[in-house]
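Subject: Structure handover

Hi,

Here is the structure I promised you. Please open it and follow along with the notes below.

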Amino acid sequence: MKKEKNRVYIFDTTLRDGEQSPGSSMNTEEKIILARQLEKLGVDIIEAGFPIASDGDFDAVRQIAKEIKKTQVAGLARANKGDIDCAWQAIKHAADPRIHTFISSSDIHLKYQLKKSREQVLKEAVAAVKLASSYTKNVEFSPMDATRSDKDYLVEMVSSVIDAGACTINIPDTVGYTIPDEFGSLIAYLFANVKNMGDTIISVHCHNDLGLAVANSLAAIRNGARQVECTINGIGERAGNTAMEEIVMALQTRKDLYGLYTKIKTDQIYKTSRQLTQITGIPVQPNKAIVGANAFAHESGIHQDGLIKEKITYEIMTPQSVGISDTHIVLGKHSGRNAISHHLKKMGYMLGDEQLNKVAAKVKALADIKKDIYDEDLEAILYEEVYRVEDKYNLVYLNVVSGNVAIPTATMEMQVGKDLVRAAGFGNGPVDATFEAIRSITKTNYPLLKYAVNAITGGSDAQGEVTVQLKYNGNPVAGRGSHPDVIVASAKAYINALNRLEFLKENAKKVKVE
Ligand code: KIV
Ligand code: ZN
(Lines give C-alpha, C1' and ligand atoms only; values in the text may rest on other atoms or scores of the structure.)
(Ligands and ions follow the chains in the order given, each with its own letter.)
Protein backbone atom coordinates (compact mmCIF):
# COMPACT_ATOMS: atom_id res chain seq x y z
CA MET A 1 0.00 0.00 0.00
CA LYS A 2 1.46 3.35 -1.00
CA LYS A 3 1.37 5.64 1.98
CA GLU A 4 -0.40 8.96 1.31
CA LYS A 5 0.82 11.84 3.38
CA ASN A 6 -1.78 13.16 5.85
CA ARG A 7 -4.13 10.26 5.26
CA VAL A 8 -5.34 8.08 8.12
CA TYR A 9 -6.25 4.59 6.92
CA ILE A 10 -9.33 3.03 8.43
CA PHE A 11 -9.01 -0.67 9.20
CA ASP A 12 -12.42 -2.00 10.15
CA THR A 13 -12.47 -5.05 12.41
CA THR A 14 -16.22 -5.19 13.12
CA LEU A 15 -16.39 -8.60 11.46
CA ARG A 16 -13.48 -9.99 13.50
CA ASP A 17 -12.83 -8.29 16.87
CA GLY A 18 -16.34 -6.80 16.81
CA GLU A 19 -17.92 -10.15 16.21
CA GLN A 20 -16.16 -11.44 19.33
CA SER A 21 -18.23 -9.19 21.56
CA PRO A 22 -20.82 -11.15 23.52
CA GLY A 23 -24.00 -11.65 21.55
CA SER A 24 -22.64 -10.17 18.31
CA SER A 25 -22.04 -13.27 16.24
CA MET A 26 -23.27 -13.03 12.67
CA ASN A 27 -23.95 -15.64 10.04
CA THR A 28 -22.18 -15.61 6.67
CA GLU A 29 -25.05 -13.91 4.86
CA GLU A 30 -25.15 -11.12 7.44
CA LYS A 31 -21.38 -10.67 7.31
CA ILE A 32 -21.50 -10.28 3.54
CA ILE A 33 -24.24 -7.65 3.79
CA LEU A 34 -22.21 -5.71 6.34
CA ALA A 35 -19.01 -6.06 4.30
CA ARG A 36 -20.81 -4.52 1.29
CA GLN A 37 -21.90 -1.61 3.45
CA LEU A 38 -18.37 -1.18 4.85
CA GLU A 39 -17.10 -0.99 1.28
CA LYS A 40 -19.70 1.68 0.55
CA LEU A 41 -18.70 3.52 3.70
CA GLY A 42 -15.20 3.71 2.29
CA VAL A 43 -13.11 1.86 4.87
CA ASP A 44 -9.64 1.01 3.57
CA ILE A 45 -9.35 -2.50 4.98
CA ILE A 46 -12.02 -4.94 6.09
CA GLU A 47 -10.76 -7.54 8.56
CA ALA A 48 -13.26 -10.18 7.53
CA GLY A 49 -12.54 -12.74 10.26
CA PHE A 50 -10.18 -15.28 11.77
CA PRO A 51 -10.30 -18.09 9.21
CA ILE A 52 -8.78 -20.86 11.36
CA ALA A 53 -11.34 -20.21 14.13
CA SER A 54 -14.12 -22.28 12.56
CA ASP A 55 -15.40 -23.54 9.21
CA GLY A 56 -18.04 -20.81 9.34
CA ASP A 57 -15.39 -18.10 9.78
CA PHE A 58 -13.32 -19.52 6.94
CA ASP A 59 -16.29 -19.61 4.62
CA ALA A 60 -17.40 -16.07 5.48
CA VAL A 61 -13.91 -14.63 4.94
CA ARG A 62 -13.60 -16.48 1.65
CA GLN A 63 -16.93 -15.24 0.35
CA ILE A 64 -16.24 -11.66 1.41
CA ALA A 65 -12.79 -11.81 -0.26
CA LYS A 66 -14.43 -12.95 -3.49
CA GLU A 67 -17.13 -10.31 -3.41
CA ILE A 68 -15.43 -7.12 -2.20
CA LYS A 69 -13.48 -5.40 -4.93
CA LYS A 70 -12.69 -1.83 -3.84
CA THR A 71 -11.44 -2.53 -0.33
CA GLN A 72 -8.55 -4.59 0.98
CA VAL A 73 -9.69 -7.76 2.76
CA ALA A 74 -7.64 -9.03 5.71
CA GLY A 75 -7.66 -12.41 7.42
CA LEU A 76 -6.25 -12.83 10.93
CA ALA A 77 -3.70 -15.54 11.74
CA ARG A 78 -1.61 -16.41 14.78
CA ALA A 79 2.10 -16.59 14.06
CA ASN A 80 2.17 -20.20 12.93
CA LYS A 81 2.06 -22.04 9.61
CA GLY A 82 -1.38 -23.61 10.04
CA ASP A 83 -3.09 -20.28 10.72
CA ILE A 84 -1.23 -18.41 7.99
CA ASP A 85 -1.85 -21.05 5.32
CA CYS A 86 -5.52 -21.12 6.28
CA ALA A 87 -5.82 -17.31 6.25
CA TRP A 88 -4.23 -17.21 2.81
CA GLN A 89 -6.61 -19.85 1.44
CA ALA A 90 -9.52 -17.76 2.70
CA ILE A 91 -8.41 -14.38 1.33
CA LYS A 92 -6.44 -15.25 -1.78
CA HIS A 93 -9.25 -14.31 -4.17
CA ALA A 94 -9.51 -10.77 -2.82
CA ALA A 95 -8.58 -7.86 -5.08
CA ASP A 96 -6.03 -6.80 -2.46
CA PRO A 97 -5.60 -9.50 0.20
CA ARG A 98 -3.84 -8.80 3.49
CA ILE A 99 -2.55 -11.31 6.03
CA HIS A 100 -2.64 -9.97 9.56
CA THR A 101 -0.47 -12.10 11.82
CA PHE A 102 0.19 -11.62 15.53
CA ILE A 103 2.02 -12.94 18.55
CA SER A 104 2.27 -11.59 22.10
CA SER A 105 5.23 -9.42 23.07
CA SER A 106 4.62 -8.75 26.78
CA ASP A 107 6.50 -10.74 29.42
CA ILE A 108 3.18 -11.35 31.14
CA HIS A 109 1.83 -13.19 28.09
CA LEU A 110 5.14 -14.91 27.33
CA LYS A 111 5.51 -16.24 30.86
CA TYR A 112 1.93 -17.20 31.69
CA GLN A 113 0.27 -17.87 28.37
CA LEU A 114 2.82 -18.85 25.74
CA LYS A 115 5.44 -20.19 28.18
CA LYS A 116 8.15 -19.21 25.73
CA SER A 117 11.29 -17.08 25.91
CA ARG A 118 11.62 -13.69 24.22
CA GLU A 119 14.13 -15.20 21.74
CA GLN A 120 11.71 -17.99 20.81
CA VAL A 121 8.79 -15.62 20.29
CA LEU A 122 10.92 -13.24 18.22
CA LYS A 123 11.96 -16.15 16.00
CA GLU A 124 8.33 -17.22 15.53
CA ALA A 125 7.26 -13.66 14.70
CA VAL A 126 9.92 -13.34 12.01
CA ALA A 127 9.19 -16.79 10.55
CA ALA A 128 5.46 -15.98 10.42
CA VAL A 129 5.98 -12.70 8.61
CA LYS A 130 8.36 -14.36 6.14
CA LEU A 131 5.83 -17.08 5.40
CA ALA A 132 2.98 -14.56 5.02
CA SER A 133 5.17 -12.43 2.72
CA SER A 134 5.67 -15.42 0.47
CA TYR A 135 1.92 -15.26 -0.24
CA THR A 136 1.39 -11.49 -0.43
CA LYS A 137 3.41 -8.34 0.06
CA ASN A 138 0.50 -6.93 2.03
CA VAL A 139 1.43 -8.22 5.49
CA GLU A 140 0.47 -6.68 8.82
CA PHE A 141 2.06 -7.73 12.09
CA SER A 142 0.75 -7.12 15.63
CA PRO A 143 2.79 -7.57 18.83
CA MET A 144 -0.11 -8.44 21.08
CA ASP A 145 -0.30 -6.71 24.49
CA ALA A 146 2.22 -4.18 23.15
CA THR A 147 1.33 -1.57 25.76
CA ARG A 148 2.46 -3.86 28.61
CA SER A 149 5.62 -4.96 26.80
CA ASP A 150 9.22 -4.01 27.43
CA LYS A 151 9.82 -1.06 25.08
CA ASP A 152 13.18 -2.19 23.84
CA TYR A 153 11.98 -5.71 23.17
CA LEU A 154 9.08 -4.15 21.28
CA VAL A 155 11.51 -2.08 19.21
CA GLU A 156 13.54 -5.22 18.45
CA MET A 157 10.44 -7.16 17.44
CA VAL A 158 9.04 -4.37 15.25
CA SER A 159 12.37 -3.83 13.55
CA SER A 160 12.85 -7.59 12.92
CA VAL A 161 9.41 -8.09 11.38
CA ILE A 162 9.87 -5.05 9.14
CA ASP A 163 13.07 -6.67 7.86
CA ALA A 164 11.08 -9.89 7.36
CA GLY A 165 8.54 -8.10 5.14
CA ALA A 166 5.77 -6.55 7.24
CA CYS A 167 4.54 -3.28 5.71
CA THR A 168 2.06 -2.38 8.46
CA ILE A 169 2.86 -2.68 12.15
CA ASN A 170 -0.13 -2.60 14.42
CA ILE A 171 0.38 -1.67 18.07
CA PRO A 172 -2.46 -3.19 20.11
CA ASP A 173 -3.54 -2.04 23.54
CA THR A 174 -4.99 -5.49 23.95
CA VAL A 175 -6.32 -5.08 27.49
CA GLY A 176 -7.27 -1.40 27.29
CA TYR A 177 -4.60 -0.49 29.84
CA THR A 178 -2.80 2.53 28.43
CA ILE A 179 -3.74 6.21 28.68
CA PRO A 180 -3.40 8.85 25.97
CA ASP A 181 -0.11 10.54 26.99
CA GLU A 182 1.60 7.24 27.60
CA PHE A 183 0.37 5.70 24.35
CA GLY A 184 1.34 8.76 22.31
CA SER A 185 4.84 8.56 23.82
CA LEU A 186 5.09 4.86 22.97
CA ILE A 187 4.34 5.59 19.32
CA ALA A 188 6.87 8.42 19.33
CA TYR A 189 9.41 6.05 20.94
CA LEU A 190 8.93 3.53 18.15
CA PHE A 191 9.44 6.18 15.47
CA ALA A 192 12.59 7.38 17.22
CA ASN A 193 14.10 3.95 17.83
CA VAL A 194 13.05 1.61 15.03
CA LYS A 195 15.80 2.43 12.59
CA ASN A 196 14.37 0.67 9.54
CA MET A 197 10.88 2.21 9.81
CA GLY A 198 11.04 3.63 6.26
CA ASP A 199 7.56 3.76 4.76
CA THR A 200 6.03 1.31 7.24
CA ILE A 201 2.57 2.31 8.39
CA ILE A 202 2.14 2.33 12.14
CA SER A 203 -1.34 1.25 13.09
CA VAL A 204 -3.08 1.21 16.46
CA HIS A 205 -5.72 -1.12 17.89
CA CYS A 206 -7.18 0.11 21.17
CA HIS A 207 -9.61 -1.54 23.53
CA ASN A 208 -12.01 0.50 25.59
CA ASP A 209 -11.70 -1.01 29.07
CA LEU A 210 -11.01 2.41 30.60
CA GLY A 211 -13.20 4.25 28.10
CA LEU A 212 -10.09 5.63 26.39
CA ALA A 213 -9.89 3.74 23.10
CA VAL A 214 -10.70 6.75 20.90
CA ALA A 215 -8.56 9.14 22.95
CA ASN A 216 -5.63 6.71 22.84
CA SER A 217 -5.99 6.29 19.07
CA LEU A 218 -6.01 10.07 18.61
CA ALA A 219 -2.89 10.43 20.77
CA ALA A 220 -1.18 7.81 18.59
CA ILE A 221 -2.19 9.69 15.44
CA ARG A 222 -0.70 12.89 16.87
CA ASN A 223 2.54 10.95 17.16
CA GLY A 224 2.60 9.53 13.64
CA ALA A 225 0.25 6.52 13.55
CA ARG A 226 -1.56 6.47 10.21
CA GLN A 227 -3.85 3.47 10.49
CA VAL A 228 -6.56 3.03 13.09
CA GLU A 229 -8.24 -0.29 13.77
CA CYS A 230 -11.82 0.27 14.80
CA THR A 231 -15.34 -1.12 14.77
CA ILE A 232 -18.80 0.20 13.99
CA ASN A 233 -20.54 1.35 17.20
CA GLY A 234 -17.31 0.46 19.03
CA ILE A 235 -18.31 -3.19 19.48
CA GLY A 236 -15.61 -5.72 20.35
CA GLU A 237 -14.09 -7.85 23.10
CA ARG A 238 -15.23 -6.80 26.59
CA ALA A 239 -15.75 -3.00 26.55
CA GLY A 240 -15.13 -2.94 22.82
CA ASN A 241 -12.75 -1.27 20.38
CA THR A 242 -12.18 2.25 19.09
CA ALA A 243 -15.50 3.38 17.55
CA MET A 244 -15.09 4.08 13.83
CA GLU A 245 -17.67 6.86 13.79
CA GLU A 246 -16.00 8.67 16.70
CA ILE A 247 -12.44 8.57 15.41
CA VAL A 248 -13.48 9.59 11.89
CA MET A 249 -15.68 12.46 13.03
CA ALA A 250 -13.03 13.65 15.52
CA LEU A 251 -10.50 13.86 12.68
CA GLN A 252 -12.98 15.58 10.40
CA THR A 253 -14.38 18.02 12.96
CA ARG A 254 -10.91 18.92 14.27
CA LYS A 255 -9.14 19.07 10.92
CA ASP A 256 -7.84 22.43 12.12
CA LEU A 257 -5.85 20.58 14.78
CA TYR A 258 -4.84 17.36 13.04
CA GLY A 259 -4.62 18.41 9.39
CA LEU A 260 -5.42 14.82 8.44
CA TYR A 261 -8.16 13.11 6.47
CA THR A 262 -9.76 9.70 5.93
CA LYS A 263 -11.61 8.44 2.87
CA ILE A 264 -14.74 7.61 4.86
CA LYS A 265 -18.00 8.77 3.30
CA THR A 266 -19.35 10.16 6.51
CA ASP A 267 -22.92 10.35 5.24
CA GLN A 268 -22.92 6.52 5.32
CA ILE A 269 -22.04 6.35 9.02
CA TYR A 270 -25.54 6.30 10.48
CA LYS A 271 -26.77 3.76 7.98
CA THR A 272 -23.86 1.45 8.76
CA SER A 273 -24.47 1.79 12.47
CA ARG A 274 -28.18 1.01 12.04
CA GLN A 275 -27.38 -1.94 9.83
CA LEU A 276 -25.14 -3.46 12.48
CA THR A 277 -27.82 -2.95 15.13
CA GLN A 278 -30.41 -4.55 12.88
CA ILE A 279 -28.18 -7.53 12.22
CA THR A 280 -26.93 -8.22 15.75
CA GLY A 281 -29.93 -6.97 17.69
CA ILE A 282 -27.60 -5.05 19.99
CA PRO A 283 -28.91 -1.52 20.42
CA VAL A 284 -26.71 1.56 20.65
CA GLN A 285 -26.95 3.43 23.96
CA PRO A 286 -29.00 6.65 23.49
CA ASN A 287 -26.14 8.92 24.59
CA LYS A 288 -23.55 7.26 22.32
CA ALA A 289 -21.51 9.87 20.45
CA ILE A 290 -22.36 10.37 16.75
CA VAL A 291 -24.92 7.56 16.33
CA GLY A 292 -26.90 7.48 19.59
CA ALA A 293 -30.55 8.59 19.51
CA ASN A 294 -29.69 11.68 21.59
CA ALA A 295 -26.43 12.57 19.84
CA PHE A 296 -28.03 15.53 18.06
CA ALA A 297 -31.00 16.15 20.37
CA HIS A 298 -30.77 19.47 22.15
CA GLU A 299 -32.92 19.48 25.25
CA SER A 300 -31.85 22.59 27.13
CA GLY A 301 -33.87 25.74 26.46
CA ILE A 302 -30.72 27.87 26.32
CA HIS A 303 -29.18 25.56 23.73
CA GLN A 304 -32.37 25.49 21.66
CA ASP A 305 -32.53 29.26 21.75
CA GLY A 306 -28.92 29.46 20.51
CA LEU A 307 -29.53 26.92 17.77
CA ILE A 308 -32.53 28.83 16.44
CA LYS A 309 -30.40 31.98 16.25
CA GLU A 310 -27.34 30.30 14.74
CA LYS A 311 -26.56 26.56 14.53
CA ILE A 312 -22.85 27.01 15.20
CA THR A 313 -23.63 28.14 18.77
CA TYR A 314 -24.17 24.57 19.95
CA GLU A 315 -23.60 22.27 16.97
CA ILE A 316 -20.06 21.15 16.11
CA MET A 317 -21.17 18.91 13.25
CA THR A 318 -24.49 18.45 11.50
CA PRO A 319 -26.62 15.31 11.74
CA GLN A 320 -26.70 15.32 7.92
CA SER A 321 -22.91 14.99 7.80
CA VAL A 322 -23.21 11.51 9.36
CA GLY A 323 -26.26 10.60 7.31
CA ILE A 324 -29.01 11.36 9.80
CA SER A 325 -31.85 13.09 8.05
CA ASP A 326 -35.17 14.20 9.47
CA THR A 327 -37.41 11.17 9.43
CA HIS A 328 -39.86 11.55 6.61
CA ILE A 329 -42.80 9.57 5.35
CA VAL A 330 -41.66 7.48 2.45
CA LEU A 331 -44.43 5.05 1.63
CA GLY A 332 -48.02 4.26 2.46
CA LYS A 333 -50.93 1.97 1.70
CA HIS A 334 -51.01 2.87 -1.97
CA SER A 335 -47.32 2.63 -2.73
CA GLY A 336 -46.77 0.10 -5.47
CA ARG A 337 -43.90 -2.27 -6.14
CA ASN A 338 -42.15 0.30 -8.35
CA ALA A 339 -42.29 3.03 -5.74
CA ILE A 340 -40.88 0.63 -3.16
CA SER A 341 -38.13 -0.50 -5.51
CA HIS A 342 -37.27 3.09 -6.39
CA HIS A 343 -37.09 4.11 -2.76
CA LEU A 344 -35.01 1.11 -1.76
CA LYS A 345 -32.54 1.94 -4.55
CA LYS A 346 -32.28 5.47 -3.18
CA MET A 347 -31.48 3.96 0.20
CA GLY A 348 -28.80 1.82 -1.45
CA TYR A 349 -30.56 -1.56 -1.47
CA MET A 350 -30.71 -3.46 -4.75
CA LEU A 351 -33.16 -6.35 -4.51
CA GLY A 352 -33.96 -9.21 -6.83
CA ASP A 353 -37.55 -9.79 -8.04
CA GLU A 354 -38.40 -12.36 -5.43
CA GLN A 355 -36.97 -10.26 -2.61
CA LEU A 356 -38.87 -7.22 -3.84
CA ASN A 357 -42.15 -9.18 -3.89
CA LYS A 358 -41.54 -10.21 -0.30
CA VAL A 359 -40.87 -6.63 0.80
CA ALA A 360 -43.86 -5.27 -1.15
CA ALA A 361 -46.16 -7.80 0.53
CA LYS A 362 -44.82 -6.89 3.97
CA VAL A 363 -45.10 -3.14 3.29
CA LYS A 364 -48.72 -3.65 2.29
CA ALA A 365 -49.45 -5.68 5.41
CA LEU A 366 -47.75 -3.09 7.60
CA ALA A 367 -49.56 -0.20 5.89
CA ASP A 368 -52.86 -1.86 6.86
CA ILE A 369 -52.04 -1.29 10.52
CA LYS A 370 -49.73 1.71 10.32
CA LYS A 371 -50.46 4.75 8.17
CA ASP A 372 -46.98 5.96 7.25
CA ILE A 373 -43.97 3.81 6.47
CA TYR A 374 -40.57 5.37 7.18
CA ASP A 375 -37.04 4.45 6.07
CA GLU A 376 -36.50 2.77 9.42
CA ASP A 377 -39.63 0.61 8.94
CA LEU A 378 -38.40 -0.44 5.51
CA GLU A 379 -35.01 -1.37 6.91
CA ALA A 380 -36.61 -3.42 9.66
CA ILE A 381 -38.61 -5.33 7.02
CA LEU A 382 -35.47 -5.89 4.95
CA TYR A 383 -33.43 -7.31 7.79
CA GLU A 384 -36.22 -9.41 9.20
CA GLU A 385 -37.71 -10.77 6.02
CA VAL A 386 -35.12 -10.67 3.28
CA TYR A 387 -31.61 -10.86 4.64
CA ARG A 388 -32.14 -13.54 7.22
CA VAL A 389 -30.97 -17.04 6.43
CA GLU A 390 -33.51 -19.77 6.65
CA ASP A 391 -34.64 -20.06 10.24
CA LYS A 392 -35.45 -23.19 12.16
CA TYR A 393 -38.27 -21.47 14.06
CA ASN A 394 -40.91 -19.17 12.55
CA LEU A 395 -43.98 -17.49 14.00
CA VAL A 396 -47.22 -18.49 12.28
CA TYR A 397 -49.81 -16.85 14.55
CA LEU A 398 -50.12 -15.38 17.98
CA ASN A 399 -53.22 -14.54 19.95
CA VAL A 400 -52.92 -12.94 23.37
CA VAL A 401 -55.51 -12.22 26.04
CA SER A 402 -54.58 -9.88 28.86
CA GLY A 403 -56.01 -7.14 31.01
CA ASN A 404 -56.46 -6.27 34.66
CA VAL A 405 -58.97 -9.06 35.27
CA ALA A 406 -57.72 -11.75 32.86
CA ILE A 407 -55.00 -14.35 33.35
CA PRO A 408 -52.60 -13.35 30.59
CA THR A 409 -52.70 -16.16 28.05
CA ALA A 410 -50.90 -16.58 24.74
CA THR A 411 -52.00 -19.10 22.13
CA MET A 412 -49.59 -19.55 19.32
CA GLU A 413 -48.55 -21.63 16.35
CA MET A 414 -45.00 -21.89 15.13
CA GLN A 415 -43.23 -23.64 12.32
CA VAL A 416 -40.43 -25.78 13.73
CA GLY A 417 -38.43 -27.07 10.80
CA LYS A 418 -41.14 -28.62 8.63
CA ASP A 419 -43.69 -29.10 11.42
CA LEU A 420 -46.43 -26.84 12.64
CA VAL A 421 -46.65 -26.86 16.43
CA ARG A 422 -49.25 -25.20 18.67
CA ALA A 423 -49.21 -24.36 22.37
CA ALA A 424 -50.63 -21.99 24.95
CA GLY A 425 -48.75 -20.24 27.72
CA PHE A 426 -49.76 -18.37 30.88
CA GLY A 427 -47.73 -15.68 32.55
CA ASN A 428 -47.57 -12.58 34.69
CA GLY A 429 -48.28 -10.44 31.65
CA PRO A 430 -48.78 -10.85 27.90
CA VAL A 431 -45.03 -10.92 27.11
CA ASP A 432 -44.35 -13.48 29.81
CA ALA A 433 -47.22 -15.65 28.53
CA THR A 434 -45.93 -15.37 24.95
CA PHE A 435 -42.42 -16.40 25.95
CA GLU A 436 -43.86 -19.31 27.92
CA ALA A 437 -45.72 -20.51 24.81
CA ILE A 438 -42.52 -20.25 22.72
CA ARG A 439 -40.55 -22.20 25.31
CA SER A 440 -43.19 -24.88 25.34
CA ILE A 441 -43.27 -25.18 21.53
CA THR A 442 -39.49 -25.19 21.10
CA LYS A 443 -38.83 -27.28 24.22
CA THR A 444 -36.14 -24.80 25.26
CA ASN A 445 -35.57 -22.93 28.48
CA TYR A 446 -32.63 -20.56 28.11
CA PRO A 447 -32.38 -17.90 30.83
CA LEU A 448 -33.70 -14.51 29.69
CA LEU A 449 -30.96 -11.92 30.34
CA LYS A 450 -32.54 -8.84 28.85
CA TYR A 451 -35.77 -7.55 27.38
CA ALA A 452 -35.99 -4.01 25.96
CA VAL A 453 -38.56 -2.13 23.87
CA ASN A 454 -37.95 0.93 21.71
CA ALA A 455 -40.09 2.82 19.21
CA ILE A 456 -38.47 2.73 15.76
CA THR A 457 -39.90 6.10 14.78
CA GLY A 458 -42.10 8.72 16.42
CA GLY A 459 -45.90 8.62 16.75
CA SER A 460 -48.23 6.35 18.68
CA ASP A 461 -48.55 4.00 15.69
CA ALA A 462 -44.75 3.54 15.54
CA GLN A 463 -43.40 0.02 15.28
CA GLY A 464 -42.06 -1.38 18.52
CA GLU A 465 -38.51 -2.68 18.21
CA VAL A 466 -37.81 -5.35 20.80
CA THR A 467 -34.44 -6.75 21.81
CA VAL A 468 -34.18 -9.98 23.73
CA GLN A 469 -31.04 -11.59 25.11
CA LEU A 470 -30.91 -15.26 26.05
CA LYS A 471 -28.05 -16.91 27.89
CA TYR A 472 -26.25 -19.73 26.17
CA ASN A 473 -22.96 -21.22 27.37
CA GLY A 474 -22.45 -18.23 29.66
CA ASN A 475 -22.81 -15.74 26.78
CA PRO A 476 -25.71 -13.52 25.73
CA VAL A 477 -27.36 -14.24 22.39
CA ALA A 478 -29.42 -11.35 21.09
CA GLY A 479 -32.57 -11.34 18.98
CA ARG A 480 -34.52 -8.48 17.41
CA GLY A 481 -38.08 -8.11 16.23
CA SER A 482 -40.29 -5.26 15.17
CA HIS A 483 -44.04 -4.88 14.74
CA PRO A 484 -46.65 -2.22 15.54
CA ASP A 485 -47.91 -4.64 18.20
CA VAL A 486 -45.14 -4.88 20.81
CA ILE A 487 -46.25 -8.35 21.90
CA VAL A 488 -45.80 -9.66 18.34
CA ALA A 489 -42.47 -7.79 18.16
CA SER A 490 -41.49 -9.49 21.43
CA ALA A 491 -42.35 -12.93 20.06
CA LYS A 492 -40.34 -12.20 16.90
CA ALA A 493 -37.35 -11.05 18.95
CA TYR A 494 -37.41 -14.15 21.17
CA ILE A 495 -37.70 -16.43 18.15
CA ASN A 496 -34.87 -14.56 16.40
CA ALA A 497 -32.65 -15.09 19.46
CA LEU A 498 -33.47 -18.82 19.40
CA ASN A 499 -32.58 -19.00 15.69
CA ARG A 500 -29.28 -17.21 16.32
CA LEU A 501 -28.56 -19.58 19.14
CA GLU A 502 -29.15 -22.56 16.82
CA PHE A 503 -26.75 -20.98 14.35
CA LEU A 504 -24.13 -20.50 17.08
CA LYS A 505 -24.43 -24.13 18.15
CA GLU A 506 -23.76 -25.27 14.60
CA ASN A 507 -20.84 -22.90 14.11
CA ALA A 508 -19.10 -23.10 17.46
CA LYS A 509 -15.67 -21.50 17.19
CA LYS A 510 -12.63 -23.61 17.88
CA VAL A 511 -10.27 -20.72 18.65
CA LYS A 512 -10.73 -17.21 20.07
CA VAL A 513 -8.43 -14.18 20.33
CA GLU A 514 -8.68 -10.79 21.98
O1 KIV B 1 -6.56 -6.83 20.88
C2 KIV B 1 -5.67 -7.39 20.23
O3 KIV B 1 -4.50 -7.46 20.61
C4 KIV B 1 -6.06 -8.00 18.95
C5 KIV B 1 -4.95 -8.45 18.06
C6 KIV B 1 -5.24 -9.74 17.41
C7 KIV B 1 -4.62 -7.35 17.09
O8 KIV B 1 -7.23 -8.05 18.62
ZN1 ZN C 1 -8.47 -6.63 19.84
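W88 is buried, because its relative accessibility is 14% and the cut-off for buried is under 20%. Keep in mind that this is a predicted model.

The structure holds five aromatic pairs. One of them joins W88 and Y135. These two rings are stacked. Their centres are 5.4 Å apart, with 10 degrees between the planes. The pair links distant parts of the chain. W88 sits in helix α3 (residues 81-91), and Y135 sits in helix α5 (residues 118-135). They are 47 residues apart.

Now look at Y349 and Y383. This aromatic pair is edge-to-face. The distance is 6.3 Å centre to centre, and the planes make 80 degrees. Here too, distant parts of the chain are linked. Y349 lies in the loop between α13 (337-347) and α14 (353-369). Y383 belongs to helix α15 (residues 375-386). Y349 is buried, at 5% relative accessibility. Y383 is buried as well, with a relative accessible area of 4%.

Y349 has a charged neighbour too. Which residue lies over the face of Y349? K271 does, at 4.3 Å from the ring centre. Elsewhere, R222 lies over the face of Y258. That distance is 5.5 Å from the ring centre.

Last, find F435, Y451 and Y494. They form one aromatic cluster.

Best wishes

Terms used: Residues are numbered from 1 along each chain as its sequence is written. Chains are lettered from A and ligands numbered from 1 in the order in which they are written. This is a predicted model: local features need pLDDT of at least 70, side-chain atom pairs count only at pLDDT 80 or more; totals for chains, interfaces and linings use all residues. Side-chain values use heavy atoms; hydrogens and water are left out. Rings of Phe, Tyr and Trp (its six-membered ring) pair if their centres lie within 6.5 Å; planes under 30 degrees apart count as stacked, over 60 as edge-to-face and the rest as tilted. Helices (H or I, at least four residues) and strands (E, at least two) are DSSP runs, numbered from the N terminus. Buried means under 20% relative accessible area, exposed over 50%, partly exposed in between (1.4 Å probe, protein chains only). A charge sits over a ring if NZ of Lys or CZ of Arg is within 6 Å of the ring centre and within 35 degrees of the ring normal.
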